[in-house]
Amino acid sequence: MPHTLRRLGFCCLLAASFTTYAAPEDCIENGGSMLCVPPEVGPWQYSLCDDAGAYTSRYAAWCRAMGGTWKGLYASPSCEGGTPLTTEGQMVPMSIEFERQLRGACLVQADWRGWLSSGSTVSSAFCWSGGPVFKGDIEVGNFVEIMTSGATKDSNGACSVPFAERILGHRSRKVECPANYRERTGRSGKLECYRPCLPEQGCCKGQQYTPANQCCTQEGVQQKWPIVDLQKCPNRTSSGQSPRVNGCGAEGSDLGSFAQQFGSADFRPHCNRHDECYDTCLRNKAQCDETFGSDLLAACNAAYRDRPVRADACRRVARTYILLVQSSWGLAAYNQAQQRVCQCCP
Amino acid sequence: MLSVESSGGRMLRNLASVALLMVLAACVQTAQEEPSSNASMSGTWVGEISGSHPEDTVTVRLVLKEQGEQLIGETFAKDPILDEFYPSGSLEGMRSGSSAQWKVFEQSVSGTFSGDSFSGRVTIESDSGQSGEATIRLQRQR
């Protein structure tokens, strides 16, 4: 028997209810480590049920009340077409139409008794029994009594034969936590959805992050590339960026012009090699500088093998470069290069 | 009233004048013999360092500043091909009277200056085996 037909279960898509949400104490926004979100509240679904036995005539009456065509109890489906119950406001008109379809009532009225308040209950032999149902502080189910009454025509055609019956209305909705969240009832009785904030779940030190362009380090969430603070990215890896070389000097530097050579000692290839060294992720700065220094001095000595005065002048110019790369200016250039050629995490 | 001087008094006065002139002349001469003992080496000096090899020369520019007896400054060496000066290190040294000495990296200089001229010797000590001696002559730029 299509018993569900009697309990006309018509769902409607109403706007989901929103309640003001205050995050629990252990949530990220309150300094905790849990990721917390409010529960998702679905739309109300409404249904009606006449509090009487399972008569075919009643099935047929409900079918027609909703605008459907009754095909008989053994047809599949029994009721074709019709507009399902979608709003609370349709419950009384549909109950009145039910009575008209059932009895051919010439006079019908319906008394809406209102949704049950907390602690109240209804009892029914053929429909539902119980009272309002809550999940946490959110109502998820309730009942209403609709008392119909009126008259049908007597044998003389006069609208004089009274009738009265009770129709029960029911509403329900889903209240759930989003996927991967757990449910709990907080101290205030509110339903809470929470989950531990772990890196594999897109969480880092109490913060949400996007692994595609962020990293979780000991210092918390860091931008993956370009690196903002090298100190906070000790496990950095190559970003795949190509090394950039520009001879001797630095792009955008305000330190004036740099000699690319001194006489016949060519500094340029050594400066480029030094640029490449800085532009290689995780390359040791001190080693880059040491190689650069010995290369420049060797270039001077090779260029002026039997000219100690010129070799000395060349070496002194070279040494100003060596001092420069070892200074805070050199460190800034190294850091800037590493921020570009490295990414904070694999 | 008419005053009449004796010839002896006039002579004494002439002798005193001569003596005064002699003292003044002596003072001027002393000042000329030690022209730079109180002068400053502060300023820009340009000149040449020359080694034993005829092509082993470098034009240098020094920007010196005196702080008491201490000498500080910046040195520049001229690229022998491009003809441009490039920084070649900071200088630190001392001046005492007309003698001065300083050091820049591996290079030590000592010499004397007189007015706007300086001349001296350069010692280059290098681990690379390119050590040597050279001469330096500088002229202050006005």
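## Sheet, helix pairs and chain contact

Chain A has an open sheet of 3 strands in the order S2-S13-S12, with antiparallel pairing. Strands here are DSSP runs of type E with at least two residues, helices are runs of H or I with at least four, and both are numbered from the N terminus. Two strands pair if DSSP finds at least two bridges between them. Keep in mind that this is a predicted model: local features need pLDDT of at least 70, side-chain atom pairs count only at pLDDT 80 or more, and totals for chains, interfaces and linings use all residues. Residues are numbered from 1 along each chain as its sequence is written, while chains are lettered from A and ligands numbered from 1 in the order in which they are written.

**The sheet in chain A**

- Strands S2 (34–37) and S12 (182–185) of chain A stand at the edges with a single partner strand each, so one side of each has no neighbour in the sheet.
- From one strand to the next, the twist averages 40°.
- S12(A) runs antiparallel to S13(A) (residues 191–196), and 4 bridges join them.
- Look for Glu183(A): its bridge partner in S13(A) is Cys193(A).

**Helices H2 and H3 of chain A**

- H2(A) (residues 56–65) and H3(A) (residues 91–103) pack at an angle of about 130°, with their axes 8 Å apart. Axes are lines fitted to C-alpha atoms, for helices over the stretch in contact, and angles run from 0 to 180 degrees between N-to-C directions.
- H2(A) and H3(A) are therefore oblique to each other (under 35 degrees is roughly parallel, over 145 roughly antiparallel, 65 to 115 roughly perpendicular, and the rest oblique).
- Among the residues of H2(A) that meet H3(A) are Ala61(A) and Trp62(A), and those on the H3(A) side include Met94(A) and Phe98(A). Contact means that C-beta atoms, placed from the backbone, lie within 7 Å.
- By class, this contact has 6 nonpolar, 2 polar and 3 charged residues. Ala, Val, Leu, Ile, Met, Phe, Trp, Tyr, Cys and Pro count as nonpolar, Asp, Glu, Lys and Arg as charged, and the others, Gly among them, as polar.

**Helices H5 and H6 of chain A**

- H5(A) (residues 285–303) and H6(A) (residues 308–326) pack at about 170°, their axes 9 Å apart.
- That pair is therefore roughly antiparallel.
- Their contact divides into 11 nonpolar, 3 polar and 2 charged residues.

**Where chain B touches chain A**

- Chain B puts 27 residues into the contact, and chain A puts in 18 residues.
- S4(B) gives the most to chain B's side, with 4 residues.

Note on methods
Contact = placed C-beta atoms within 7 Å.
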